[in-house]
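Please look over the model below before reading on. The points after it are meant to be checked against the structure one at a time.

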Amino acid sequence: MDDAAKPRHTRTIRVGNLARVEGEGALYVRVKGSRVEEVRLDIFEPPRFFEAFLRGRSFAEVPDITARICGICPVAYQMSSCQALEAALGLEVEGQLKALRRLLYCGEWIESHTLHIYFLHLPDFLGYPDSVRLAQDQPERVRRALQLKKTGNELMTLLGGREIHPVNVKVGGFYRVPRKAELKTMLAKLEQAREIALETVRFVAGLDFPDLEPDYTFVSLSEEGAYPILQGRIVSNRGLDIPVADFERHFHEEHVPHSNALHATLQGQPYLVGPLARYNLNFDRLPASLQSLAREVGLGPVCRNPFKSIVVRAIETLYACEEALRIIQAYEEPDAPSLPVVPKAATGAGCSEAPRGILYHRYQMDEKGLITEAKIVPPTSQNQKRIEEDLRQFVAAHLELPKPELTLRCEQTIRNYDPCISCATHFLRLEIEHET
Amino acid sequence: MKPKVLTLGNPYRQDDAVGPWIAQRLRQAGLEVCEVGDDLTRLLDGLAGADEAWVVEAVVSGQPPGTLHVLEVGAAPLPAVFERLSSHTIHLNETLELARSLGVLPPRTLIYGIEGRLFGSGEEPSPEVRQAAEALIRSIQARQGHPGNAPVTDTGQRKG
């Protein structure tokens, strides 16, 4: 029966495939009368068992193996894994090597955020079905977005050896560090990227945003003296402030039948990681110029509207461009590309800010440096329960919307999170059902 | 000018690896190949400036594994088979139409889609896919110096 012909309480909405997300999944929403009875983000991309096949491999292989988990955020996997293994071995990568890692990560933030802002998320706000229609109407805007993204990719190629699945990162540092002259070649491109990123902030801040302001528990890293990217303590807006090594004492993963990705909770409750959490918990760590810009475009120090995450991503992209310029201008070639590394039986944990939120790794190795246990908690699996909560609240508050608009808004609600289902499992179908 | 060969796919997802698998062998044979991987926005850069482009990708349409689909990008978008199974953030159709909107779609663009079966974790494409890939490699090698003369393979399952 067509929806219009049904009584309102039996309205059914189904979408075969949710596009513009990374990976394979589906959404099911069941509404009884005016009550949202069930919301499920089904993830049926097969589990990838990375944690299992890391066992028995050398610690030195871990950064390169885990980088294969994601083609969009391989640097995050390399950084969290290195940090965990370095913690186990008692190593601390500091100085220019640490700065180079942050620079590499800036490249990933630029390319990943730009892809999501322009090609996955922006069409929703402008009423386009995809980025093709956007490019037909606004080709110059899309060309400039591609230029911005390419600059991030080039930074990853320069430091990581290649842009997809970089191969230059190792436990203790890098296999090779760049010459000053090599990095300087990026300056002009990054200056242009900064201009495009600034345009992006002003443009996306002028979009129309649906109303939704859940009472989130935000979780992010807090990095000493800097907006968090590489490392730090894990903090929340509810008073949590713990070292990374204590992650598993506070955060728990559970298997739910409808998902191949584990659901994570903080003391039994859903929580949010990613740009919105980072921004709200670290606004004061942004440079003063970016704080002023955020206020100027109407964002302010706290933003609870998940649809406005597109503005936060744009600000973070601009931050990454500025941070990359700063690091390159201050760069001095280190004496050695890495610290000496001697394996030993030990356990260590690491956490860094992937574009989509905190990425936790823990490894245990034996005296020969062979991995005996591995644990990886990616941001999308941490956000799954929170995505379901957002959908529940949004659908409950907007049952009066016509079916096509409600469906689009549900998809958009999921895309607010830039979910990387491939990471979480190691596609998305939407189904909303109303019944009496 | 030689046609530009571009390959798509993730080298660690079994039959999705057919693009990178072909790229590696063509490169070993001394041919220039642009590997796009699984971030299809990079395909736009790869297509820009080429007079003729040959794009190699794994597809799933329900045909037997190893079936070779050969399609020329015309005035209309490609059939939906090239959007159905993409583990990429934007799919091949969308990328080609983006290229058209941005004015970088080469005058002639051919898509070589090899039907896949397995898309789990693993580096080697399945035997049927490898067999089709080897035939396509021989054909590309034989025809690479002849723009306008796209490879026709001997798999006997060509679609156009």
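The numbered points below go through the model part by part.

1. Basis of the note. This is a predicted model, in which local features need pLDDT of at least 70 and side-chain atom pairs count only at pLDDT 80 or more, while totals for chains, interfaces and linings use all residues. Residues are numbered from 1 along each chain as its sequence is written, and chains are lettered from A and ligands numbered from 1 in the order in which they are written.

2. Chain A overall. Chain A has 15 helices and 14 strands. Here helices (H or I, at least four residues) and strands (E, at least two) are DSSP runs, numbered from the N terminus. Of the 436 residues of chain A, 52% count as buried. A residue is buried if 20 or more other C-beta atoms lie within 10 Å of its own, exposed if 12 or fewer, and partly exposed in between, with the C-beta atoms placed from the backbone.

3. The sheet S11-S12-S13. These three strands of chain A form an open sheet in that order, with antiparallel pairing. Strands S11 (346-354) and S13 (371-377) of chain A are the edge strands, each pairing on one side only. On average, neighbouring strands of this sheet are turned by 15 degrees against each other, direction ignored. Two strands count as paired if DSSP finds at least two bridges between them. As background, strands of a sheet pair through backbone hydrogen bonds, either parallel or antiparallel.

4. The strand S12. S12(A) covers residues 357-365 and is joined to S11(A) by nine bridges, the two running antiparallel. On the S13(A) side, Tyr360(A) has Val377(A) as its bridge partner. S12(A) and S13(A) pair in the antiparallel sense over six bridges. Eight of the nine residues of S12(A) are buried, so this strand is largely enclosed by the rest of the structure.

5. How many residues lie between S11(A) and S12(A) in their hairpin? There are two. The hairpin of S12(A) and S13(A) has five residues between its strands, and Gly369(A) in that turn has a positive phi of about 85 degrees. Helix H13 (residues 379-397) of chain A lies across S11, S12 and S13 of chain A, at about 130 degrees to S12(A). Axes are lines fitted to C-alpha atoms, for helices over the stretch in contact, and angles run from 0 to 180 degrees between N-to-C directions.

6. The sheet S6-S7-S8. In chain A, three strands in the order S6-S7-S8 form an open sheet with antiparallel pairing. Strands S6 (219-222) and S8 (241-242) of chain A stand at the edges with a single partner strand each, so one side of each is left without a neighbour in the sheet. S6(A) pairs with strand S7 (residues 233-236) of chain A over four bridges. Ser222(A) has Arg233(A) in S7(A) as its bridge partner. Helix H10 (residues 275-282) of chain A lies across S6 and S7 of chain A and runs at about 55 degrees to S6(A).

7. Helices H8 and H12. The axes of helix H8 (residues 187-205) and helix H12 (residues 309-329) of chain A come within 9 Å and cross at roughly 160 degrees. That makes H8(A) roughly antiparallel to H12(A); angles under 35 degrees count as roughly parallel, over 145 as roughly antiparallel, 65 to 115 as roughly perpendicular and the rest as oblique. By class, their contact has 17 nonpolar, two polar and two charged residues. Ala, Val, Leu, Ile, Met, Phe, Trp, Tyr, Cys and Pro count as nonpolar, Asp, Glu, Lys and Arg as charged, and the others, Gly among them, as polar.

8. The contact between the chains. Chain B gives 18 residues to the contact and chain A gives 22; two residues are in contact if their C-beta atoms, placed from the backbone, lie within 7 Å. H4(B) gives the most to the side of chain B that touches chain A, with four residues. That side has five nonpolar, eight polar and five charged residues. H4(B) is mostly covered, with nine of its 10 residues buried. Gly103(B), which follows H4(B), has a positive phi near 75 degrees.
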